[in-house]
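I opened a new notebook page for this structure. These are my entries, in the order I made them.

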Amino acid sequence: MNVQNIQKNAAEEALGVSLPTRRVESFHYTDLRSQLGTFTAKAEKPSEADAKQLGDGFPRLASNAAVLHFYDGHAFERGEALPGGVSVKTELPKAMEVDGMDDTVLAINNSISADGVMINVAKNANVERPIGLAHAFTGKAGTTAATRYAIQAASGSTSTFIERFMGRSKDAHLSSSVVSLDIGADATLNYLIVQQTGLGADHLGHVSVKLAENSKLNLFILNAGGKLVRQEVKVDVAGEGGHVEIKGVNLVGDNAHIDVTTVLDHNVPNTTANELFRNVVAGDGHGVFQGQIKVAQIAQKTDAQMACNTLLLTDEGDFSAKPELEIFADDVLCAHGATVTDIDDDHLFYLRARGIKEKAARGLLIKAFVDEVVEELGAGEELEEAFIGIIDSWLDANT
Amino acid sequence: MANKLKRRKEEKMLEIKNLHVRIAEDETEIIKGLDLTVKAGEVAAIMGPNGAGKSTLSYVLAGKEDYEVTEGEILFNGENLLDMEVDERAASGVFLAFQYPMEIPGVATMNFLKAAMNSQRKARNEAEYTTPEFIKKVKAASADLSIDFNMLKRALNVGFSGGEKKRAEILQMALLEPSLCVLDETDSGLDIDALKIVSDGVNALRDPARAFLVITHYQRLLDHIVPDTVHVLYNGRIIKTGDKSLALHLEENGYADVIASAA
C-alpha cells in the first residue's frame, strides 16, 4: 500500500494535505493520520476587546520586552516601541518548500492561510531587550490559526526572541507556527519557545535555522500545554565555527502527546552542538524525542552532544526517544544518551527520612530534574524565574 | 538546643522486641529475633562484623520499604514506630545519619534544609521558621561543624567529599533536633581530623533527653563518642551487651570469642 492510494481521511480533506502514515519514519511515533483533529475553518480575527482578554492570566515573561501580538493567528498592531537595530515588516514570508512527507508540518502551515512578519536585526546591533512573539488563541472548536515569520540576524548582531503560545480552550483547535532564522556571521541569536496552549490544542511548530561562520544559536523549548504537539527544529550548520545550543523541557500531561523532533545538519568543518532535553510524563501522557545529527563528509572536527532524560511518573505514560547519528566524516566527536526513569526511590527515601512528606518530596525531585535545564540557560534571572513559575504551575496541576 | 525534649533519663525511649526482618525482594531474613532497649540520654553502640544486620537495623528504624518486618515490634517513646510513615518517624524525632548520604542533583542544600525543618515543625504544629530565622540557625550550626556556608548553596551532597557529606549529615541532625539519633557507620570514609569534627558535633548534641544509637565496625569512633552501653550484633541478634570496655575487648580480640561464647 503506498501513501497516494490511501483514501484521504476527514482531517486531510479539511486541511487539503496528505498526512503521513506511521511508516514514514519521522512520523512513526506521532500518528497524525489518527491523532490530528479535523479543522474546517480559519479562526476569525477577534475584536480588540476579545483579543485583549485572551492574554489575561499569562503575565509577561520579560518586563522589558517589545512584544508583537498575534491573536488567533492575526497580527495586531499594539504600537510597542521596538528597540534600536530591529525592524519589522508586516509581510508574510514566502512559504518554505516542502520536501515530501517529512515536511508535513510545513505543508499544513502552507495550506492554512497564515499571517506573518519579517524581522531584521541590523548588522552589529547588540539588542538587549527581547522581542516577544506572543500568540494567544480563542481555540474555537474546529478552527485553525497559523503564522509564519522570518528573522534575519545580520552579521555581528546579538538578539533574543521569545515565541509564546497561550490558550485555555479544551475544544479541538489547531495552531501552527513556521519560523525561519537566518543567523549571520559572528551573530548570536537566542530563540526561546514557550508553548502553553489549551488542553484541546493541536500545535504544530517548525523552526528552520541557518548558521553562518562563528555564529551561535541558543534555542530553548518549553512545552507546558497542548493535546497533540509536534515541534520540529531543523538546523543547517553552514558556517565554520558555528555553535548550536538546544535545551528543552517537555512537560507531558495526562492525555497529551508531545513530540520534539530535531535535525542538526553539520555541513562544514569545525562546528559544535549541544542538545539537552528533560521531560516529565504524568498520567497517560505520551512523549517523543527524535534527535538526528548528520555530519557531512567534509564536516571534520564536528563536536555534537545530545542527551534526553525522562522522568516517567506513572505506569500509564510513555516516552519514546530516538537518537540518530548519521556520520560521514571520520574525525568527529558525537555522543548521545537517553534515559527513562522513575523518581529514584533512594532519593525519595532520603528526603522523607528528613521529615518531608512524600508528595512534597516527589515535587522537590521532579522540580530539581527540570529546573536544572532552566538554570543552565543563562537567560537572566527574570526569564529563568518566569520559566520556573510556568513549570511550577504545571507540576501543581499535573503531579 | 534540646529544650523541646522532655524525656527523663531513665525512661525507655526505644524498645525493640523480638524483631525479625527480611529483605522484601528475596525474603532473606537478616534480623532474627533482636531485642534492644535504649533509654533517653543513653549512647548505645552497636558493633558487629560485616553482614550482621547493622545497616538493616538502621534502615528499619527509619522506615525503608525494602525491608519487611515479619515479627516483633519497635516502640519509640511508647508508640508503635512500625505504624508510622517515614516522614512521620522523622517528625516524631527519629534521625538516621546515613552511611552513604544520597547525592541529590538540582536540590539546593539550603532549600532542602528549610523544607525538612519546616515540614517537621508543621507536623508538630509548631510555627515554621521565617527565612531570616532559618538562615541564622544554619549559619551558627554550620560554623560549629566547620562547614563553609557557600557549600550549602550547592546541590545536596553533590560533589561533596566523603568528609563533607558526613559533616552535612551531622549538620542536619543539629538543625532537626531529633530525640533518637541513629548513626550508621558515620566514621566510614573519615580521616582523623574529620572524625574529630564529626564526633565533636555529635558530643555537642548529647543531652539527657536524647539518645544515640551508634553503629560502627571499629572501636576508634567510640574513643571520641564514648558509649554508655555496647551491644554486639551478630547474625541478626544481639549476642552480648556490656559497657565501653566491651568495645576495647572486641578491638583487641576480634569478634570470634564473643561469637563462640554466645553460640
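**Entry: what kind of model**

I noted before anything else that this is a predicted model.

**Entry: chain A as a whole**

I began with the secondary structure. Chain A has seven helices and 20 strands. Along the principal axes they are about 60 × 55 × 50 Å.

How much of chain A is buried? I found that buried residues account for 51% of its 399 residues. Next came sequence separation. I took the contacts in chain A between residues at least 6 apart in sequence, and 84% of them join residues at least 24 apart.

**Entry: the ten-stranded sheet of chain A**

I traced an open sheet of ten strands in chain A. The order is 3-2-6-8-10-12-14-16-18-20, and the pairing is mixed. Which strands stand at the edges? They are strand 3 (74-76) and strand 20 (333-341) of chain A, and each pairs on one side only.

I reminded myself of the background. Strands of a sheet pair through backbone hydrogen bonds, either parallel or antiparallel.

Then I went to strand 16 of chain A. Strand 16 (residues 272-281) and strand 18 (residues 303-312) of chain A pair in the parallel sense over ten bridges. I looked up two of the residue partners. A273(A) has A304(A) in strand 18 as its bridge partner. V280(A) has L311(A) in strand 18.

I turned to strand 14 of chain A. Strand 14 and strand 16 of chain A run parallel and are joined by ten bridges. Here I noted that F277(A) in strand 16 stands opposite G248(A).

Is strand 16 of chain A mostly covered or mostly open? It is mostly covered, with seven of its ten residues buried.

I looked for helices on this sheet. Helix 6 of chain A lies across strand 14 (243-252), strand 16 and strand 18 of chain A. It runs at about 155 degrees to strand 16 of chain A. Helix 7 (residues 381-398) of chain A also packs on the sheet. It touches strand 10 (188-196), strand 12 (216-223) and strand 14 of chain A. The direction of helix 7 makes about 25 degrees with that of strand 14 of chain A.

**Entry: G85(A)**

I picked one glycine to follow. G85(A) lies in the loop between strand 3 and strand 4 (86-89) of chain A. G85(A) has 18 C-beta neighbours inside 10 Å, so it counts as partly exposed. What does G85(A) touch, leaving out residues up to four places away in sequence? I listed V121(A), A122(A), A125(A), V127(A) and S157(A).

I also took a distance to G242(A). G85(A) and G242(A) are 157 residues apart along the chain, and their C-alpha atoms are separated by 23 Å.

**Entry: a sheet in chain B**

I moved on to chain B. Four strands form an open sheet there in the order 2-1-4-5, with antiparallel pairing. Why does one side of strand 2 (29-39) and of strand 5 (79-80) of chain B lack a neighbour in the sheet? Both stand at the edges with a single partner strand each, so one side of each is left without a neighbour.

N80(B) in strand 5 is the bridge partner of L75(B). Helix 1 (residues 54-62) of chain B packs on this sheet and touches strand 1 (12-23), strand 2 and strand 4 of chain B. The angle between the directions of helix 1 and strand 4 of chain B is about 65 degrees.

**Entry: where the chains meet**

I looked up the contact between the chains. It takes 17 residues from chain A and 19 residues from chain B. Helix 5 (345-352) and helix 6 (358-375) of chain A each supply at least two residues of the side of chain A that touches chain B. Helix 6 of chain A gives the most to that side, with seven residues. I sorted the side of chain A by class and got eight nonpolar, two polar and seven charged residues.

I then listed the contacts of V214(B), leaving aside neighbours within four places in sequence. They are V43(B), A44(B), A45(B), L183(B), L221(B), I225(B) and P227(B).

Key: Residues numbered from 1 in each chain as written. Chains lettered and ligands numbered in written order. Predicted model: local features only at pLDDT ≥ 70, side-chain atom pairs only at ≥ 80, totals over all residues. Contact = placed C-beta atoms within 7 Å. Nonpolar A, V, L, I, M, F, W, Y, C, P; charged D, E, K, R; others polar. Buried ≥ 20, exposed ≤ 12 C-beta atoms within 10 Å, placed from the backbone. Pairing = 2+ DSSP bridges. Axes fitted to C-alpha atoms, helices over the stretch in contact; angles between N-to-C directions.
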